[in-house]
Amino acid sequence: MGLTSIPHSASPENASSGPEIISIEPKGGDGWVTTRLDFLVNWGRSNSLWPMPFGTACCAIEFMATAASKFDLARFGMERMSFSPRQADVLICAGRVPFKLAPIIRRIWQQMPQPKWAISMGACASTGGMFDNYAVVQGIDTIIPVDVYVPGCPPRPEGLIYGIMMLQKKIMTERMSNKSIRDEMEPDPSSKLYIPASRIDEISEPFGNSVHQTRSAP
Amino acid sequence: MATKRTIEVELSTSGLTRDGKPQRVPLVTGGDTGVALAEPPSLELDGEHMLINIGPQHPATHGVLRLVLELDGETVVRCIPHVGYLHCGFEKIGEYRQYNQIIPWTDREDYLNSIGNNVAFALGAERLFGIEITERCKVLRVIAMELSRIASHLVWLGTTCIDIGAFTPFLWSFQERENIYNLLEGWVGARLTTSATRVGGMAADIPDKWLEGLRGFVSTFPKTIYEVDRMLTKNAIWVGRTIGLGVMSPDEALNYGLSGPMLRASGVAYDVRKDFPYLDYETYDFDVPVGTNGDVYDRFLVRVEELRQSVRILEQCIKRLPDGPVNVDDPRVILPPKHKATSEMESMIHHFKNVMEGPRPPVGECYVAVESPKGEKGYYFVSDGTSKPARWRIRPPSFVNLSAIPKMVEGHLLSDVIAINASIDIVMGEIDR
Ligand code: SF4
């Protein structure tokens with residue numbers, strides 16, 4: 001295999017002008033042994049996920065219902081709730097995350113050892129949901145990387161279980177030869193910010209912000 | 001080669017000093033020669049306090065409460081609760097929503113008691129509008145409130161048992177909650193976030209055969225109460241971990257402004273359903289359980305008894321549910337039926353006005369309190385005559401109840417803090433709003 005260069009974007013207009021990413025893959029590629037080993041490791045990982053429930057609000061109640069007898073998360077190897085992030089594989093953020101809680105979820109994510117995944121349960125965790133105001137983070141994917149989004153307010157337990165099964169499928173496709181799969185974004189050393197300040201200003205602008213609406217109807 | 005280090009632990013005492021304080025066991029570390037590497041720590045503990053932090057992400061804090069505890073050994077000297085981790089701006093959003101549009105927010109504020117909050121909100125808005133609801137609607141709302149009280153107490157039971165170390169009641173209570181979810185789903189289409197009421201009525205009448213389902217629930221649920229009762233009430237571990245903890249005397253409870261099961265466990269028989277009846281609660285036959293000691297165990301007993309009383313009220317509701325319309329006949333607040341809105345000019349105008357501008361109450365203010373599972377839940381409205389409230393305020397019972405936690409945990413052991421905190425039955429969504 002050796003050196004390969006992949007165009008940044010597949011669309012023809014950008015292909016010529018866009019920057020190029022050079023990726024170096026190990027010699028040998030995905031042979032029979034490595035793919036079998038991958039399969040074995042992934043099979044083990046996906047069927048014994050230890051969730052770290054980050055339950056803040058109403059979605060946490062549905063999460064508890066999912067763990068209780070009728071829906072029984074133990075069928076998916078997830079009955080061992082890990083309330084300490086250091087022994088957890090998958091962070092399930094169930095509920096809204098106000099700005100006061102944002103540093104805490106970030107810290108919990110950083111405390112979790114690799115390999116780790118994240119599920120964002122509910123409209124609030126995914127997008128801010130109906131709390132389109134000054135207090136609530138508009139989606140936890142602005143703080144941590146999210147693998148599966150489960151829509152709903154709250155999602156039904158079946159929905160959460162479907163999200164978990166999607167995560168298991170995703171884990172089954174991971175390849176050890178892909179070195180960049182666990183890369184995390186590093187902050188810019190000069191500004192200590194993860195994304196440029198101009199972009200932060202842009203996304204923190206009041207957009208469609210409910211409390212900025214006028215009290216139009218007299 | 002590294003020298004081998006030995007650690008000697010001197011277990012000469014039973015762990016308590018003469019005056020009953022926990023004594024630190026001296027820990028001597030030394031090398032091969034037996035020379036102590038460090039001075040043994042002093043045995044005096046006075047003045048040496050430790051600060052520990054529980055939460056905000058901790059399963060035993062029932063949400064995102066943060067407790068900072070100052071410990072002397074294992075005894076709590078001081079406890080400082082920190083709230084605000086779930087502040088989502090409910091009251092501010094309410095100022096930008098019409099009355100019917102606020103109802104979905106009331107689901108999410110005390111999310112264990114969604115449908116009860118819907119009813120409480122609608123009662124408040126109706127007092128502001130000066131609307132008298134129909135008889136059928138009243139009974140349906142009582143059914144809603146009592147189902148929601150059962151559902152909320154069940155979550156309290158399940159999570160408290162997990163905190164104290166029993167797992168089975170959690171499974172039992174969630175099984176029963178699934179039955180309630182099924183009933184609610186058949187009625188309003190949602191399991192948890194119901195949004196069941198509207199100003200002047202309900203979002204939907206109950207479907208055919210729904211009462212059969214409720215009857216089934218009412219007949220099977222007492223068995224679960226009996227099982228829980230038999231498993232916990234005389235269980236040595238349960239009793240040992242709850243009796244004598246977090247005692248509030250009746251005077252203290254009143255001075256702290258406690259309400260709900262917390263207040264009743266201290267021996268004050270205050271129940272909004274009896275003292276300031278709404279929804280014709282005075283015509284129902286039920287008892288208000290009252291504790292004597294005001295400790296965690298009494299709170300448990302009071303809540304279990306309330307489950308039984310709620311079943312009694314539900315039985316009476318099934319018997320008396322009258323026929324008739326659910327919504328008031330008032331075009332100011334209620335949408336006309338669809339066939340009229342598409343064929344009659346009057347109804348179309350009402351429909352348009354209701355949807356585009358929303359119902360407008362007269363200028364004024366009002367406060368309505370109901371007995372939520374956690375205590376006295378109040379909604380306060382200020383209307384400036386527009387279709388949106390100028391101010392909407394929630395009186396969260398668990399916020400007031402939580403304010404007593406520094407007093408209740410003082411002098412207890414660290415592990416008892418968990419039991420005491422669980423006994424308050426807090427919901428952070430309601431506390432931080
Ligand atoms: S998505 Fe809905 S149910 Fe979940 S936390 Fe947000 S408001 Fe609550």
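Here are two exercises on this predicted model, each with a worked solution.

**Exercise 1. Decide whether B:Thr197 is buried or exposed, and describe its surroundings.**

Solution. 

Step 1: Find the residue. B:Thr197 belongs to strand 6 of chain B, which covers residues 197-198.

Step 2: Check the accessibility. B:Thr197 has a relative accessibility of 0%. Buried means under 20%, so B:Thr197 counts as buried.

Step 3: Look at the contacts. Leaving out residues up to four places away in sequence, B:Thr197 touches B:Ile103, B:Asn118, B:Val119, B:Ala122, B:Arg141, B:Met202 and B:Ala203.

**Exercise 2. Work out where the ligand lies and what surrounds the ligand.**

Solution. 

Step 1: You will find the ligand between chains A and B, sitting in the second largest cavity.

Step 2: Count the shell. The ligand is surrounded by 13 residues, and the closest are A:Cys58, A:Cys59, A:Ala123, A:Cys124 and A:Cys153.

Step 3: Sort the shell by class. Eight residues are nonpolar, three are polar and two are charged.

Step 4: Trace the helices. In chain A, helix 3 (58-67) and helix 5 (122-127) each give at least two residues to the shell. Helix 5 of chain A makes the largest contribution, with three residues.

Definitions and conventions
Residues are numbered from 1 along each chain as its sequence is written. Chains are lettered from A and ligands numbered from 1 in the order in which they are written. This is a predicted model: local features need pLDDT of at least 70, side-chain atom pairs count only at pLDDT 80 or more; totals for chains, interfaces and linings use all residues. Side-chain values use heavy atoms; hydrogens and water are left out. Helices (H or I, at least four residues) and strands (E, at least two) are DSSP runs, numbered from the N terminus. Buried means under 20% relative accessible area, exposed over 50%, partly exposed in between (1.4 Å probe, protein chains only). Contact means heavy atoms within 4.5 Å. A residue is near a molecule or strand if one of its heavy atoms lies within 4 Å of it. On a 1 Å grid over the protein atoms alone, a cavity is a set of points where a 1.4 Å probe fits but cannot get out, and a pocket is an open set with protein on both sides within 12 Å along at least five of seven lines; lining residues have an atom within 4 Å of a point. A molecule sits in a cavity or pocket if more than half of its atoms lie within 2 Å of its grid points. Ala, Val, Leu, Ile, Met, Phe, Trp, Tyr, Cys and Pro count as nonpolar, Asp, Glu, Lys and Arg as charged, and the others, Gly among them, as polar.
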